[in-house]
Amino acid sequence: MTALTQRVSQRVPARFLPVLATVVLFVLTFGVGSASYDGFASGQIIANLFIDNAFLIVLATGMTFVILSGGIDLSVGSVVALSTMVTAAGLRAGWPVPLVVVAVLVIGSTLGLLMGLVIHKFDIQPFIVTLAGMFLARGLCFLISVESVSIKDSTFRDIATAVIELPGGVTITYNVVIALVVVLVALYVLHRTRFGRSVYAVGGNEQSALLMGLKTSRAKVGVYVISGFCSALAGLLFSLYMLSGYGLHAVGMELEAIAAVVIGGTLLAGGVGYVLGSLVGVLVLGTIQTLISFQGTLSSWWTKIVIGALLLVFIAVQRGLARGPRRRQTLTS
Amino acid sequence: MKNRLLWPLIALAALLVLNLVVTPSFFALRIQDGHLYGGLVDVLKNGAPTLLIALGMTLVIATRGIDLSVGAVAAIAGAVTCVHIGTSGDAGTAFAGMAIALVLCAVLGLWNGFLVAGLGIQPIVATLVLMTAGRGVAMLVTEGQIITVNNDPFRQVGAGFLILPISILISLAVLGLVALATRKTALGMLIEAVGVNPEASRLAGVRSRTIIWTVYVFAAVCAGIAGLMISSNVSAADANNAGLWIEMDAILAVVIGGTSLAGGRYSLTGTLLGALIIQTLTTTVYTIGVAPEVTLVFKAIVVITVCLVQAPKARAALSFRSRKVAVS
Amino acid sequence: MTESPPPVVEMRGISLAFPGVKALQDVDFRLFPGEVHALMGENGAGKSTLIKTLTGVHTPDSGSVLLAGDAVAFSSPGEAQQAGISTVYQEVNLCANLTVAENILLGREPRKFGGIDFRAMRAKAAEVLARIGVHIDPASVLESHPIAVQQLVAIARAIAVDCRVLVLDEPTSSLDAGEVAELFRIMRVLRDEGVAILFVSHFLDQIYEISDRMTVLRNGALVGEHLTAEMDRRALISAMIGRELGTLEAIEDASERRDASGPVLVHAEGLGRRGAIAPFDLDIRAGEVVGLAGLLGSGRTEMARLLFGADKADSGRLLVDGTPLHLRGPRSAIAAGIAFCSEDRKGEGLVADLSIRDNLVLAMQAARGWSRPVPRKVKDSLVEKYLAALDIRPANPDALVRTLSGGNQQKVLLARWLVTEPRLLILDEPTRGIDIGAKAQIQQLVTNLAAEGTAVLFISAELEEVVRIADRIVVLRDRHKIAELDGGASIDEVVGLIAGEQVAERTAS
C-alpha cells in the first residue's frame, strides 16, 4: 500500500477532551464539597442534584440538539414559564391531568415548529427568531394571568410528591426518571437515527450536508420542535417542582441551559458535542449551587460569577482546540 | 431618502395614530413648573436608556458583533454609583461615583473587546460570559441588597428636567455625538467596511481589531450611562432587575431600525426609530388598558413582522415589490 | 480508446444565462462509459456551469440532457445522484465532524430495528474503501485525515451507490504528486469497471496522463471535442485561450521599449512559509513588470501574499530600498508602498455593500486612521479622476460595488490601490473572469504604470498575457521558484519549463 493510505488514523481524543474535562470538573467540585463538608458525599445529595435539576436536564438536552445544528434557542426559559402557566390554569379550570400534559406538550412543540419554520424558510437568524419566541411565550403567560397560579389538583400533587426509593435509602422523584428517559431517548435519536446524524452534519457543514442529499430542512426545523417539546416537558417538571404557574418562573433559565451545554463540551458553532456532556454540565452547575448553599456565608450571586468564569474557561479551551486541526485546511483550501 | 427607513416610520406613525385614537390627549403637551409633560414626553423619557444602549449596540452589530452583556453592565454601573454615594447627598460624591462607574464600564467593554478581537471568540459567546457573570458582580457590589440613595444631583440624571427630561437630552446628545463622530471622521465607513468584509478590510490595511475594540468599549459606556439613568430614576440600585432584558430591547431596536444582524450598513436614525417604536408600543399597551406584561406579545409580533418584511427570502415568497437597492 | 457504445450522457444545445452573463451558449457534450473525459477551459469558460447543469444544480434555459438515451431534468444534486451521477467537488464537500463511514454512507445507511446499524455501516464503508484500495479506519473522524484522504473518501461516497457517471471537479488542486498518482490509480480502476468519468483539472500533464477524450470550452461556448491522443499541447492551449491579438498587440511594443533597469525596490531573501511556498529569492526593480507564471496551486498567490504580509513568512527577510522591512501584516507593507490586489475580488478585495467612493478611498483612509478622514474635496477629485481614468461604469460614485460587473469591480479594486500611489503593485489574476475590453484596459494600465516608474508583480493563469506584459518572468512549480526568464521569452519556453520539469520529476520518482 502507498504511504497515503497507510497513514494510520486515530480517533481524535481532542473531540472527547471537553467532555472529559467536564467530568473531571464535576468530580473535582464534588470532591471539594465532600472533603469540606460532612454529609456532602451522600447518595441523597447526588440524588438531590438530579431532583433539583431535572427540568434543567431536559432543557439542556433539547438545547443540545439546537446548538449541535449550529443554532440557538433563547425561548426555552419562557416556554417553561408558559408551560407552568398552562398547567396551572388548565388544572384550575378542572382539566384532567392527561389533557393538560398533552396540551402543554403540543403548545411547546408547535411554538418550536413555528420558530423553526421561520428560521428555515425565511433565512432569519435563529437568535432573533427565538428572541421573538421568548417574548411571545412570556407575554402569553401574562395573557393567561399576571399573578402566580398555584396548583391544587390532587392527582398532580400526588405525582409531585411521590418518591421512588432506591437501594441505600436514597429517594428520587418521578421527575428524575422522566429526565433520564429523555436523555436516553435523545442519545438514541442523536446517534442511532438518520435524523440525529443529519443534525450533526448540518452543524458541521450545512452546504455539504445538502450536497450529500441529507434532509437538512427536516433537521434544521426538527431541532427547534425537539427543543420546544423539551421546554414544554421541562415546564411540566418545573410545575411539579414548584406546584405553581407563574409568568416570572424560569427567568434566565435559557442562559443556564446554554451554559450547561457549553460547559458540557458542545461547540457553540455546532457539529460537535454530546448529550451526556450536557447532562454532566447540568450536574456541575447543580454541584456549584449545592456547594455555595453548604458554605452558607457565600452568597448566591457567586453562583453566577462562577458559572460565567466556567463558561469563559470552556470557551477558551474550545478556541484553543479549534485552532489546531483547522490550520491545514485553511492553508490548502 | 433611504427607503429602508420607510417601514419603521410607518410602524411608528401607526402606533402614534392608534394612541391618538385611544387617548385623544396623547399628543397634548403642557408645561408645569418649567417641565414639559405629556404622552410623547413620557415615551421619550422612558425610552432614553433603551435608545442609549441601542446606539452602542448599533455600532457593535455593524461590525458583525453583538453585545449581550449591556444589561448586566448597566446593573453594575448603577450598583457601583449607589454604593459609592451611600448616604451622601452632595454633588461631588455623586459625580465621583458616576465617573468611577463609567470607567469601570469602559474596562468591561475592553474585556469584551479582548475576547472578541483579541481571542477571536464569537461575539455572542464572548459577551454571554459577562452577561452571566456581570449580574453576579453587580449583586456582589450591592451585597444582594437594593441600595437606595437620597442624592439630588444624582437623581437629576434619570428623573430631572431641563424643560425636557434630562435623560432624553443625554441620549439625544450621545446620538448627535455618535452621528457626528461617525460621519465627520472615517469611523463610520471603517466600521461598515469591517462589518461587511473583515478580510478585505484587513488586506486594505484597516485596523479591524482597534475598531472592534472601540465599538465594544463604546457600547459598554453607553450601557453604563443607561444604567445610571435607570438607577437614578428610582434613586436605587437593584442588581437583579435593573436593565433586565434591556439588551434584547436594544437589539430589537437596532433590527427594527433596519440594521442587519449580519453586520455592515447601519442606520442610527433607524435605531432611533426602533427605540421609539418599542417604547411607544409599551406605552400604547399601557394606555389601552392591557396588563403591561403583555407588551411582550406585541413586541414579539413587531419583531417577526419587521424581520419578515426585511428578509429577502420572505419578500420573494410574499412577492413584495422587488428589492431595489437604494442608489440615491 | 476506440469508439464505444452509445454515450451514457449526452447534452444537446445547452444554453444558460445568469443576470448579465451568458454562461453557456449552445453547448453540446457527450460522455461515454468506460472513459475519462477531460473538460477543458480557462477560468470562466463555463466548465463548472456545465457540470452543475448536468448534476441538477442549475436548470438550463434551453437544450436537453439525455442519460442513457432518456431525457432527464434533475432539480437537485440528490436526484442526479439517484440516477447514477455522482460528483466530487474541488473543496471536499463532506462533514468533517462525522466519521469516515458516515460520510460515505449517510443518507443510505444500513438499518437495524429502525436505527442505524453502525456495525454494518462500518463494514460496508470498509468494503467501498477497499474497492478503491484505501485502507483507513471507517470509524475514525474525517477531520483527523489530511485533505487528500478526505478527497478519496468523497470519491468512496460517490461510488458507494450504483454510479454510472463520476464527475471530478478539480479534485487534484490540493494534492501532491504521490496523492495524485493514487487518485489516478483509483480512476483507472473505476474506468475499467465501466464508469464514465468527467474530469476537470488545470494541470495539463494530468490531463494527458489520464484522459481519453476532451471537450474544450471557451467563454461559454464549445470549441471542440477531441481524442486526447490526437490533440497536442500547443493545439490545446490555443484552443483554450484563443487569440486575442489586435487589441493587445500595441502593449507588446510598449514592454519592449520600456527601460527596466531601475534600482532594486524590493528584495526578498530566502522568504518562505511552510506548506505555502518554499524559500525564494526575488528582486523587483522600479518601473519593471515581473510576471509570475505557474499553474494553479504552484505557489503564485502564496508568494504574493508573503510579499504583502497577508500571511506571515516563517523564513527569510524582505528588504525595501535595501533596508529590511519587518512585515507584521498588510499595514506595514502598505506603509512601505506595497499594494496587493487579491485574486479573490469578492472575498478579499472589495467591500461589496459599500459604494464605489468608499471602496476607492478605503486603503488610503485606513492608512490615515479613522480620526483623519480624507477631506470630501480630495475624495471627490480622486473618485472623479479614477472613474474617468479607468473608465469605471456606472460612473456614479454612490453605486454599491456589488451591483457592478466583474470588470468594473476589478477596476475599482485597482483604483483603491492606485490612489495610495504604491511603489510596488501586486496584481493577482487581475484579468480573470472579466470581459476582453476591460482586460485590455487593465493590461494597458499596467504598462503605463511601469512606464511611470511603478514596479508591478503581475500574476496570471494566462501565460500569453504574462509573456506579453512582463519584463521578466518568474516561473513557479510545486510551490518552488524554479526559474527566471527575461522578457523576450516565448510561451513555449515557459510552458516547457513548467511542463517539462514536471514530467521529468514524475518519471524520476
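This is a predicted model: local features need pLDDT of at least 70, side-chain atom pairs count only at pLDDT 80 or more; totals for chains, interfaces and linings use all residues.
Q: Is I356(C) called buried or exposed, and why?
A: The label buried calls for 20 or more other C-beta atoms within 10 Å of the residue's own. I356(C) has 28 C-beta neighbours inside 10 Å, and therefore I356(C) counts as buried.

Q: Where in chain C does I356(C) lie, and how many residues separate I356(C) from R402(C) in sequence?
A: I356(C) lies in helix α13 of chain C. Between I356(C) and R402(C) there are 46 residues of separation in sequence, while their C-alpha atoms are 9.2 Å apart in space.

Q: Which elements of chain C give two or more residues to the side that touches chain B, and which one gives the largest share?
A: The contact takes 28 residues from chain C and 22 residues from chain B. On the side of chain C, the elements that give two or more residues are α11 (330–335), α12 (345–349) and α13 (356–368) of chain C, and the largest share, 6 residues, comes from α13(C). Sorted by class, this side of chain C has 16 nonpolar, 6 polar and 6 charged residues.

Q: What makes strand β10 of chain C count as mostly covered?
A: In β10 (residues 196–200) of chain C, 5 of its 5 residues are buried. A196(C), L198(C) and V200(C) point one way from β10(C), whereas I197(C) and F199(C) point the other way, and all are buried. In general, the side chains of a regular strand alternate between the two faces of the sheet.

Q: How do you know which strands pair with β10(C), and in what sense do they pair?
A: For two strands to pair, DSSP must find at least two bridges between them. Strand β3 (residues 36–40) of chain C has 3 bridges with β10(C), and strand β9 (residues 165–169) of chain C has 5 bridges with β10(C), so both meet the cut-off. With β3 of chain C the sense is parallel, and with β9 of chain C the sense is parallel as well. V36(C) stands opposite I197(C) in β10(C), and the bridge partner of V165(C) in β10(C) is A196(C).

Q: Why does the radius of gyration of chain B agree with that of a compact globule?
A: A compact globule with 328 residues would have a radius of gyration near 20 Å, and chain B has 20 Å, which agrees. The secondary structure of chain B comes to 14 helices and 6 strands, and its C-alpha atoms fill a box of roughly 60 × 55 × 35 Å along the principal axes. Of the 328 residues of chain B, 58% count as buried.

Q: Why is chain A called as compact as a globular protein of that length?
A: Chain A has 14 helices and 4 strands in its secondary structure. The globule rule gives 20 Å for 333 residues, and the radius of gyration of chain A is 21 Å, which is close to that value, so chain A is as compact as a globular protein of that length. Along the principal axes the C-alpha trace of chain A spans about 70 × 50 × 35 Å, and 55% of the 333 residues of chain A count as buried.

Q: Which elements of chain A give two or more residues to the side that touches chain B?
A: The contact takes 34 residues from chain A and 35 residues from chain B. The elements in question are α5 (97–122), α6 (126–144), α12 (253–263) and α14 (301–332) of chain A, and α14(A) gives the largest share, 12 residues. By class, this side of chain A has 25 nonpolar, 5 polar and 4 charged residues.

Methods
Residues are numbered from 1 along each chain as its sequence is written. Chains are lettered from A and ligands numbered from 1 in the order in which they are written. Two residues are in contact if their C-beta atoms, placed from the backbone, lie within 7 Å. Ala, Val, Leu, Ile, Met, Phe, Trp, Tyr, Cys and Pro count as nonpolar, Asp, Glu, Lys and Arg as charged, and the others, Gly among them, as polar. The radius of gyration is taken over C-alpha atoms; the globule rule is 2.2 Å times the number of residues to the power 0.38. A residue is buried if 20 or more other C-beta atoms lie within 10 Å of its own, exposed if 12 or fewer, and partly exposed in between; C-beta atoms are placed from the backbone.
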